[in-house]
Amino acid sequence: MARIELKGISKSFGAQRALRDLDLVVEDGEFFVLLGRTGAGKTTTLRVIAGLEKPDTGSVAIGNRDVGGWTAAERDVALVLQQYSLYPRLTVRGNLEFPLRSRVRNFSEEEIAARVQKAAQTLQITHLLDRKVERLSGGEMQRVSIGRAIVRQPSVFLMDEPLSALDAKLRESLRVELKKLHSDLGATFLFVTHDQVEAMSMGDKIGVLQQGRLVQVGTPADIYERPLNTFVARSVGSPPMNLIDGQLSGGMAEIGACRLPVRAAAGAGQAVTFGVRPENVVLESGAPGEARIFDIEDQGVIKVLSMDMGETRLHVTVPAGTHVARDEVVRFGWKPERVLTFDPQTGVNLALA
Amino acid sequence: MADVMTRLEPNTRAAARGLSDLSIRNLFIIPTIAFLIVFNVFPLLYSLYTAFTDYRASTSAPANWIGLANFRDLLSDPFIWRNFTITAKYVIISVTGQVLVGFGLAMLLNRPIPLKGLITTLLLLPMMLSPAVVGLFWKLLYDPSFGIINYFLGLGKFEWLADPQVALYAVAIVDIWMWSPFVMLLSLAGLSAVPKHLYEAAEIDRAGPFYTFFRITLPLVAPILMIAIIFRTMEAFKTFDHAYILSTQPTTELIAIRLYKMAFLEWQTGMSSAFAYIVLIVVVAITNIYVKYLNKAKAR
């Protein structure tokens, strides 16, 4: 059992407050992704769980036991870092054996060899075992670093942006492998990233972190479709959700001169910020909205249009076959049931407030 | 017009700078080369020549070429071999001591402690003193009747420098005291270059302090430590000042002291040149062995 529970964690570095009263629960066997920008406190959260950083206040429990007084070694967690942290001057095998040869563990030579072999097979690095780690590529290094984490068979894996230093192709394939690894091992994974694609594609659950506070926790679908506020709304999805200021009255959004139908009822009769994802905006002749196309980005499967509706810049995704030209004036509508309303001052999702 | 410009340009450029690149280059290089030739290259070659003669700087008698006689006499002289043995023992004791003390101090300083900068500076002071001065005041410290060392260690009238068995250690202790800071300084640079995240990874991997030290710290610091050892060995080999001042025992007669006596007390200039060349060859040989290890440590 390796449920992770953080309660009321605060941590400051000098005047800088990294974490503010953070509560977080990662269920046993869950793939939990912490999503946040640089400086949001993601890494600090990981380090607090790993025992590398002592929180100023609050408690950390792993497997329902308070581990506040435990050292990193006693917590039985594995940590994979962005900079790999491979032990220099050793071979890949030496690195994989390292955690098995420490004083607290007494593995037989056969056991060590078997575990190293298994980890190497899982990560497809068997052919690299006798190579020095200095001679590996970035992707291979990260595999070894993950391998070093799995040989110990810990119940908790903490990963601090492990894919960020890799190129796009490698990132994609390792993403798939990590997910498979998670389902094979059945261990608890806590994965930290600033990349919303990683968060959306890997996480069973996503926690969105903003300035040391956990803003929202939910499944990727929750986060994507029912964001708690505009910050979360714009954290996931690419291009991000469009936010348009207007007035909601009588089931119609009044934006400048045009009126578009909206299903949401919250915030009726007042100024609101409408949120609509690019894929929920549709180009239609005779539709109520009108905008001028500013830029077209052809991504193969889809085209991403940037268009100006008065002062507001909108992002719209359309099938790649759509014929549009720059500076063309088009008419658009949206899917009324997919439009969210936010408080223009606080950014809170009015439907969930 | 254009024609005039092109013809004028090189001259005006040079004139604007005052000096051409070439003359600036010569201005910097020629004095250096002249200095090197007069003070290094010429004495080196001249002493090589005198090594094969019976030249004595104290007389006006002309030098006679005597071939390898000086080298033969030296290498068959048991007293010279004793000087070499003493020196080897001294070098091993003092370099080992410096590495242990210096690296130990560096390990202690390589952590957040209050007044770190001040402590480091104070620890570096011995290195900046003149060896002759160091020899003089350590002679006072070692003094059997009023020396502070016997007082603190409660050794009564222990003879540090007069006892032929102890004197060499006493001289080595002074060298350790003086030059450990040098090893410390280099070790500190090596230690602070070890990435912190490696230690964190090792901690997570449940490696104990000894395992971490021998598997992470030492391999990463080894090359720079090796450089410190090379420098210290070369220096220890030519130790003269403080050893000469501290003790006149035959058991502390290091090569440099013997060489000094031969050259400037006995005036055997030719013989001492030959001796100096033998020492040079030994030091170069030892350094080469070290450099080989250094390259190996770096390649690993």
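**Reading domains, strands and a chain contact**

Analyst: In this predicted model, the centres of domain 1 and domain 2 of chain A, taken over C-alpha atoms, are separated by 39 Å.

User: Which residues belong to each domain of chain A?

Analyst: The domain assignment gives 4–230 as domain 1 and 242–342 as domain 2.

User: How should I read a strand, and which strands form the open sheet of 4 strands in chain A?

Analyst: In a regular strand, the side chains alternate between the two faces of the sheet. In chain A, an open sheet has the strand order β2-β1-β4-β5, with antiparallel pairing. Its edge strands are β2 (16–26) and β5 (65–66), each of which pairs on one side only.

User: How many bridges link β1 and β2 of chain A?

Analyst: Strand β1 (residues 4–13) is paired with β2 over 7 bridges, in the antiparallel sense.

User: Is strand β14 of chain A largely enclosed or largely open?

Analyst: The general idea is to count neighbours: a residue is buried if 20 or more other C-beta atoms lie within 10 Å of its own. Strand β14 (residues 270–276) has 5 of its 7 residues buried, so the rest of the structure largely encloses this strand.

User: Which strands pair with β14 of chain A?

Analyst: Strand β11 (residues 242–249) runs antiparallel to β14 and is joined to β14 by 7 bridges. Within that pair, A:Asn242 has A:Val276 as its bridge partner. Strand β20 (residues 340–342) also pairs with β14 in the antiparallel sense, over 3 bridges. There, A:Leu340 of β20 is opposite A:Gly275.

User: Where is A:Arg37, and how many other C-beta atoms lie within 10 Å?

Analyst: A:Arg37 sits in the loop between β3 (31–36) and α1 (42–50) of chain A. With 13 other C-beta atoms within 10 Å, A:Arg37 is partly exposed.

User: How is an interface described, and how many residues of chains A and B are in contact?

Analyst: The size of an interface is often given as the accessible area lost when the parts come together. Here the description is a residue count: 19 residues of chain A contact 16 residues of chain B. On the chain A side, strand β6 (residues 77–81) supplies the largest share, 4 residues. Sorted by class, that side has 13 nonpolar, 3 polar and 3 charged residues.

Definitions and conventions:
Residues numbered from 1 in each chain as written. Chains lettered and ligands numbered in written order. Predicted model: local features only at pLDDT ≥ 70, side-chain atom pairs only at ≥ 80, totals over all residues. Helix = DSSP H or I, 4+ residues; strand = E, 2+ residues; numbered from the N terminus. Buried ≥ 20, exposed ≤ 12 C-beta atoms within 10 Å, placed from the backbone. Domains from an automatic or database assignment. Pairing = 2+ DSSP bridges. Contact = placed C-beta atoms within 7 Å. Nonpolar A, V, L, I, M, F, W, Y, C, P; charged D, E, K, R; others polar.
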